[in-house]
Amino acid sequence: MIKETLVLLKNIRQAGYKGTIEEYQQTGGYSVWKKVLKDLTPDDVKKQVKDSGLRGRGGAGFPTGFKWGFMADVKGKPNYLVCNADEGEPGTFKDRELMIKDPHLFLEGMLISCFAVKCNTGYIYVRGEYYEAIKILKREIAQLNKAKFLGDNILGSGYSLKLVVHSGAGAYICGEETALLDSLEGKRGLPRVKPPFPAVSGFNACPTSVNNVETLANVPFIMEKGAEAFKANGTINNAGTRLISVSGLVKRPGVYEIKMGVNLKDIIYDFGGGTLPNRTLKAVIPGGSSSPVLLADEIDIGCDFDCLQKAKSMLGSAGVVVLDDTVDMPRLLHRLIEFYAHESCGQCTPCREGLNWIRILLRDLLARRLEKSWVDQIYRIAGNITGTTLCALGDAGAIPVMSFIDKFREEFLGYCK
Amino acid sequence: MGNYFFIDGKKIPFEPGESILKAALRAGFDIPHYCYHPSLSTPATCRMCLIDVVDSGNGKGLPTLQTSCTTLAKADIKISAQGEKVVRAREGVLEFLLVNHPLDCVICDQAGECTLQDFAFEYGSGVSIVNHEKRVYGLRKIGSFLELERNRCIHCTRCVRFSQEITGNSELGTFGRGHQLTVDTFIDKPLSDQFQGNLADICPVGAITLKDFRFKKRVWKLKSVPSICDRCATGCSINLDHKDGTIYRITPRENQEVNRWWMCDHGRVGFHDYYADDKLQKFYTKGSQKIDRSQALTNMLTTIKASAGSICFINTASSTLEEAYSLKLFAKLLGDKAKIYYPKPVAQRKDSDIWIDNLISDDKSPNSRGLKLLGFSSLEEESFSKIIKDSTDTIIVVGQLNKSWQTLLSDITDNQRLIQLTCLKNELLGGMGLGLPLIPVFEKSGIYVNRQGRAQKVNRLNFSNGTSLEECSLWKNLADELDPIDNDQPKDNAEALIKLAESDKRWQDLTDKKLLAKGILID
Amino acid sequence: MGKDRDKDKDKELTSKNEMKLSQEFYKKAQELFKDYPKRVHALLPLLHMIQKEQGQISDQAMEEVADLVDVAITHVQGVVTFYTMYSLKKRAPNYIGVCTNLSCWLRGSKELSQSLLKMIDEEKDFKGKFHLEETECLGACDHAPVALCNEKYMEDANLDDLKDWCLAKCSKDK
Ligand SMILES: Cc1cc2nc3c(=O)[nH]c(=O)nc-3n(C[C@H](O)[C@H](O)[C@H](O)COP(=O)(O)O)c2cc1C
Ligand code: SF4
Ligand code: SF4
Ligand code: FES
Ligand code: FES
């Protein structure tokens, strides 16, 4: 029986914990923030985060310290830190858990990170449907201002910071960091051409770092316990703990915190409680809906960026969705493609036209209107989307199509005329 | 070592900071593309211009295909534009573009100059497997000048970016998202600017077309002559698209020094003023009596001969440099009693920050600057009025006066004589004097000097209505009558130009055809 | 919820609404502007306020807000038609979004949303009071199926609970 490694969920796992600022401080919260303000420079923080090997938890797994390092100091242009709380990848719900149940852990991480990148106005871009999280964050930020942990000349350090909670309005693509910045600027959320990267020209054409909620929530631990302590949780190249969102057809869905590298099968059985009564495991989507699906016999692998890549899938947002023998894969895929086609921003030809075409073809397939050869055609069409689009959404939609057909071809053929 | 990179082994020079696509196109290497337009920002969204960087300068290629419109050219990198990966990706993009395209090419005005047709032909797979209903957008009105057929749109957003970045009015926008993305104006609001025709030019497909040209002619049947627009002192470079003696449309011709890629709507459809139902081919006496050509010419000669007092020529600066010079020589022949003027050009209003807003000149004559260079005196409206009232004997107007000047002519007394030469509609003349038709600009070959002082070549179509007068030969004929032995009058524009160049070194470059084709700053 | 899930957000759907934005709105807008370097950056929150106030974003409101943040009207319309939380057409006062994405779908949310639709159609009292939508993942998949009822999540949702919620809304309105 495996156990959770509690860093981010340390407080949440305590019975009765409500996440108020007082409670958070009783467990030692904001002592790191005070220490940072008193004793450290932004470069000290940057270095420690870089040394810790922290990789982004939003999906791409880019080393956070490096990202901060790229931020250009441009005269006359302020630096910005924008937290990506647009969590929209189906099967992922860890950021909401953090924001609702222990907002101050995340906020302390946000404060320290803003300090590290010399940012005086930080934005938290929360997806619009997260009304509750938005309310809580706004309320708790007001508390922080009251406690003087935020505002002008914080605790006499000379450093000033303002945090703004910005609500999205229903567009998955705004989770992509450059689309998010456009959206924050009051525009349609269209992914931008890179370069320039946000670190050079981001929000309002100023140097900007976009970081995921969970990524930032790791920062207080790193600054308190040190880079080595952080690395101790996890494997080489995959430092720290990771929040895994387990959902789908399991007994105990929920968010679980593991050391990186813990076995996926154990997560599903020990934490998730295994499949529902009288069902057998069929497949697992390991990293949010866009990661390639794994068969039941492929899940005996470590859960980290590298292991899953080796298994030709990906850790992505670490949303583990469990599928059992009752699941009709073509139908499930159709629903997924409805999602991606609906969420495409529409800029790129392959994503705009291709995903919708596949949606229509799958609709026709389920209505038993297509001949067998169409299964290959659908596969080919998906292949023409991959690697040809501006942002990763095109791939995110096409990859499940290919992996579902690769692994469950018979089911697709079964729907053919 | 210069700045070169390689596409499929071919050496391509580039300027630092330039994209692969831009450098390739300049070198004459075609990479298919839609959303890229040299005048606009680069969204890199059509994905048509994908290329494979097989060696990024370090012996290693890039793992994924890149858009050549955004990838900067670097010395010695190697690009594949014909490798299997690229070919397949292109076929894919074209297949996607056609999934929802109505394929109504048979009735589409863009057919023949549509890059969707062209690229699908050249780079497409040639196979279509689409077997379901296509997307249909509702009908839209975007004003009286253009037709918007959104079902043909390939969502390149060139039109939207034009309205945001070139005219700056943002009257077009992109709405919706995903496969419901569409371009449109706000709730049937008509476009309001004077540069709408350019939208039809930059739209790579038949989604935006000119109402004026709708269903008029298949474009491949048209022949094209490069020329200069005569509608104002800017002198935009244009192409005259014609067939069987009729102009069907005028499109701008790229000229970075003058009009970049654009022209205004007035210049675009202004040719209808000349080629309306009543082409002015008729000759009139005072009181609007029709007379025949030779009679009219005799009348003109008699009038000039009979003028004991002063003769005043008003040239409205739609004459070419050659014609104006020829008039100058003719006036010289008449001696001191002849004076030539041109209406003082309207001063250009202040520069706007938006480049294209400065395109249209407030001076509506194409050659005021040329006449000034020839030493013609400019005339204020008041002075013109005075000239008329001073009982100038004979007034000869060459070209069409604007309305208020034309009105002044009604002050003419019975003792004065008026001759008007124009190529516009005859009712404007009002029967106040002798009226003779001139050939319009499209039948002339000559030089205009624009507002910038740039001499530019006007080219003629090879057709003429036969009866209208050519200015040089008119003056020549009259001169021969007045002084058959000792006149230096050139018989046509070509001869006039030679004589002009002989008269003063400053005009010499104008005889160099190659130079002139590009335009020469002479002032 | 049509047959084809993709809602047509084209402007055919706009409906005239001459209602002016409230003084309150303009006051709040001034506060919001302080949070951003440029006024237009506050466009999304401003539109949220309008959607809440008027149940739609009308042509009139788009023009007013375009003036307020100093952008072209097409910019505003482009934004309104991009995001699913804004609607050009007036929505019924109470919103119910049933997540039918991956994990919720696996737990029968599609059937739930269809039954809900039927129920709302059939109950006379519910007429015109509820705007029903199928949504994408709401980020609470461990409690699938999830419904967003106005601004609150209903986790582990079922038809009975949803009906109770609707009834409560109706009695409150009376
Ligand atoms: C289509 C798409 C959707 C994304 N959605 C999210 C998201 O909801 N939340 C998130 O944190 N990152 C998301 N990302 C990843 C972000 O682009 C970006 O990598 C991330 O915010 C960086 O933060 P990190 O370095 O802390 O992971 C998405 C990326 C793509 C291409
Ligand atoms: S891949 Fe899709 S979502 Fe991403 S920019 Fe292109 S069209 Fe938009
Ligand atoms: S109307 Fe023409 S220019 Fe405009 S987006 Fe469509 S294809 Fe491009
Ligand atoms: S021309 Fe490069 S992507 Fe359109
Ligand atoms: S799938 Fe319904 S909340 Fe995530």
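1. A polar contact is a pair of N or O atoms within 3.5 Å. By that rule A:Thr215 has a polar side-chain atom 2.7 Å from an oxygen atom of ligand 1. The model discussed in this note is predicted.

2. The surroundings of ligand 1 comprise 18 residues, and the closest are A:Gly58, A:Lys67, A:Asn84, A:Asn212 and A:Thr215. For A:Asn212, an N or O atom of the side chain is 2.7 Å from an oxygen atom of ligand 1.

3. Ligand 2 is surrounded by residues of chain A, among them A:Cys345, A:Cys348, A:Cys351 and A:Cys391. The list also includes A:Ile173, A:Pro191, A:Leu393 and A:Gly394. Divided by class, the shell around ligand 2 holds 7 nonpolar and 5 polar residues, with no charged residues.

4. Chain C contains 174 residues, of which 59% count as buried. Its secondary structure consists of 7 helices and 4 strands, arranged along the sequence as α-α-α-α-β-α-α-β-β-β-α. Taking contacts within chain C between residues at least 6 apart in sequence, 67% join residues at least 24 apart.

5. Which residues does chain C bring to its contact with chain A, and how many? The contact takes 44 residues from chain C and 62 residues from chain A. Between them, chain A and chain C bury about 4200 Å², with 57% of this area on carbon and sulfur atoms.

6. Polar interactions also cross the interface of chain A and chain C. The count is 23 residue pairs in polar contact, both residues at pLDDT 80 or more. There are 3 salt bridges across this interface. A salt bridge joins the side chains of C:Glu155 and A:Arg96, with an N to O distance of 3.3 Å.

7. On the side of chain A that touches chain C, the elements that each supply at least two residues include helix 5 (94-101), strand 2 (119-126), strand 7 (241-248) and helix 14 (329-343) of chain A. Helix 14 of chain A gives the most, with 8 residues. By class, this side of chain A has 29 nonpolar, 18 polar and 15 charged residues.

8. Is C:Ser103 buried or exposed? C:Ser103 counts as buried because its relative accessibility is 2%, and buried means under 20%. This residue is placed in helix 5 (residues 102-106) of chain C. Leaving aside neighbours within four places in sequence, C:Ser103 is in contact with A:Gly91, A:Ser247, A:Gly248 and A:Val321 of chain A, and with C:Cys141 and C:Ala144 of chain C.

9. Chain C also meets chain B, in a contact that takes 20 residues from chain C and 20 residues from chain B. The two chains bury about 1400 Å² between them, 55% of it on carbon and sulfur atoms. The count of salt bridges between chain C and chain B is 0, while 3 residue pairs are in polar contact across the interface, both residues at pLDDT 80 or more. On the side of chain C that touches chain B, helix 3 (59-69) and helix 4 (73-80) of chain C are the elements that give two or more residues. Helix 4 of chain C provides the largest share, 4 residues. The residues of this side of chain C divide into 5 nonpolar, 6 polar and 9 charged.

Definitions and conventions: Residues are numbered from 1 along each chain as its sequence is written. Chains are lettered from A and ligands numbered from 1 in the order in which they are written. This is a predicted model: local features need pLDDT of at least 70, side-chain atom pairs count only at pLDDT 80 or more; totals for chains, interfaces and linings use all residues. Side-chain values use heavy atoms; hydrogens and water are left out. A residue is near a molecule or strand if one of its heavy atoms lies within 4 Å of it. Ala, Val, Leu, Ile, Met, Phe, Trp, Tyr, Cys and Pro count as nonpolar, Asp, Glu, Lys and Arg as charged, and the others, Gly among them, as polar. Contact means heavy atoms within 4.5 Å. Buried area is the accessible area (1.4 Å probe) that two parts lose on being put together, summed over both. A salt bridge is a side-chain nitrogen of Lys or Arg within 4 Å of a carboxyl oxygen of Asp or Glu. A polar contact is a pair of N or O atoms within 3.5 Å; within protein, one must be able to donate a hydrogen and the other to accept it, and residues adjacent in sequence count only if both atoms are side-chain atoms. Buried means under 20% relative accessible area, exposed over 50%, partly exposed in between (1.4 Å probe, protein chains only).
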